[in-house]
Amino acid sequence: MLLLSIKMFTVTKVLKTGTPLVFVFFLSFLSFVSGKSNSLGMQMIRIQPGEYIRGSIKGDHLRKNHPLSAGGVGYHDSRPRHRVKLTVPFEFAATEVTVGQFRKFVEDTGYKTSAETNGVGAVQFLSEVKEEGVEQFGTRPECTWKNPGFPQADNHAVVCVSWKDAVAFCQWLSQKEKVKYRLPTEGEWEYAARAGVTNSYLGGNSASTVYAFGNVADATLEQVIPGMTLRQRIKDPEPGKGDGHAYTAPIASLKPNPCGIYDTHGNVWEWCSDKYDAGHYQKITKGHINHDEPNTLPLITDPKGPEDTPNHKYGDWRVMRGGAWVTGPLSSRCASKSYGEAGDAFCYTGFRVVRDLE
Ligand SMILES: [Ca+2]
Ligand SMILES: [Ca+2]
């Protein structure tokens, strides 16, 4: 059993210009307990309530740390950084849901996934598309969780599951164990994923630090899909560098975060319960995208995402977190997010579960 206690303090640093900057340091951010495995063999980590700074550092700082990504750095939806308080303890799965675990659900219920019933299948990498700038991902009817377009063993993270499939899995597991399982809110996801870390990555702010903790687009992927170095802004593309996995890796192949949680950087994007709205953080904090003093913005308590968004006229867009085997380090930071329609499935998106305490 592991236990950490928390304390937070602030230090005011005065620059030569006389401008005071307030830095928040977490000595240790939360208490957590690694609990027993559930009926599917997932280890559940008990996360205690606490506060943290959610969101991304400013774009100019990101650009400095990611010289390969001098163009858009894709951070606007995770700005401005702000304080989040979680008041309810919860249990967060140490690992992503695996192919073997998802198969148990399907065998028990006869469930058919979105990609098996929508007539178009899941989104897959289209290896025949060579032209720069042309969309290289598209749906294929044969692309499903059983056949994502690359080899997977039962201990790999399941992919090609829609948000609706992930919710159905949680409902099945809740019924089976008589305790509520659900998708994490993105507030819970980032709190558990950061485990007190305030940098862009668990290992620091440099992109190269991600490979120890996460399976992201790297030199190994470049070898099997030439051209990914440019498309995904892969850092360190020389053979032998990176995390060593081309497609999905077996869960928990790389280092865990300080709470014992694996694969929060990369492997597969993870569905969260929240609806997606690119301007949500600005709306709830009434803060400008470039505001960079989180302690002067309102404290947001137990965020659950927007109730509705302008884009929901066109679909039920849901948040994904953490990046995937196919995204470069920049898109796989603690604060990175993406989104997808709740009924769509992707060969790079899976999920992990949260269990409510009784
Ligand atoms: Ca990789
Ligand atoms: Ca992940």
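Me: At about how many degrees to strand 7 does helix 5 run?
Reply: In this predicted model, helix 5 (residues 186-194) lies across strand 4, strand 7 and strand 16 (354-356). Helices (H or I, at least four residues) and strands (E, at least two) are DSSP runs, numbered from the N terminus. Axes are lines fitted to C-alpha atoms, for helices over the stretch in contact, and angles run from 0 to 180 degrees between N-to-C directions, where contact is C-beta atoms, placed from the backbone, within 7 Å. For helix 5 against strand 7, the angle is about 70 degrees.

Me: How many residues of helix 5 are buried?
Reply: A residue is buried with 20 or more other C-beta atoms, placed from the backbone, within 10 Å of its own, exposed with 12 or fewer, and partly exposed in between. Trp189 and Tyr191 are among the buried residues of helix 5. The helix is mostly covered, and the count is nine of nine.

Me: Which are the edge strands of the open sheet of five strands?
Reply: The strand order is 3-4-7-16-10, with antiparallel pairing; strands pair if DSSP finds at least two bridges between them. Each edge strand pairs on one side only, and the two are strand 3 (32-37) and strand 10 (181-182).

Me: Which residue of strand 7 is the bridge partner of Met44?
Reply: Strand 4 (residues 43-47) and strand 7 (residues 90-93) are antiparallel partners joined by four bridges. Across from Met44, the partner is Ala93.

Me: Which peptide bond is cis, with omega near -10 degrees?
Reply: Most residues other than glycine have a negative phi, and most peptide bonds are trans. Here is an exception to look for in the loop between helix 1 (59-65) and strand 6 (82-86), where Pro80 is found. The cis bond runs from Arg79 to Pro80.

Me: What is the phi of Asn267?
Reply: Asn267 lies in the loop between helix 7 and strand 11, and Asp263 is found in that loop too. Asn267 is buried, with 33 C-beta neighbours inside 10 Å. Its phi is positive, near 65 degrees.

Me: What is the mean pLDDT of the protein?
Reply: Residues are numbered from 1 along each chain as its sequence is written, while chains are lettered from A and ligands numbered from 1 in the order in which they are written. With 87% of residues reaching 70 or more, the mean is 88.

Technical notes
This is a predicted model: local features need pLDDT of at least 70, side-chain atom pairs count only at pLDDT 80 or more; totals for chains, interfaces and linings use all residues. Two residues are in contact if their C-beta atoms, placed from the backbone, lie within 7 Å. pLDDT is the predictor's confidence in each residue, from 0 to 100.
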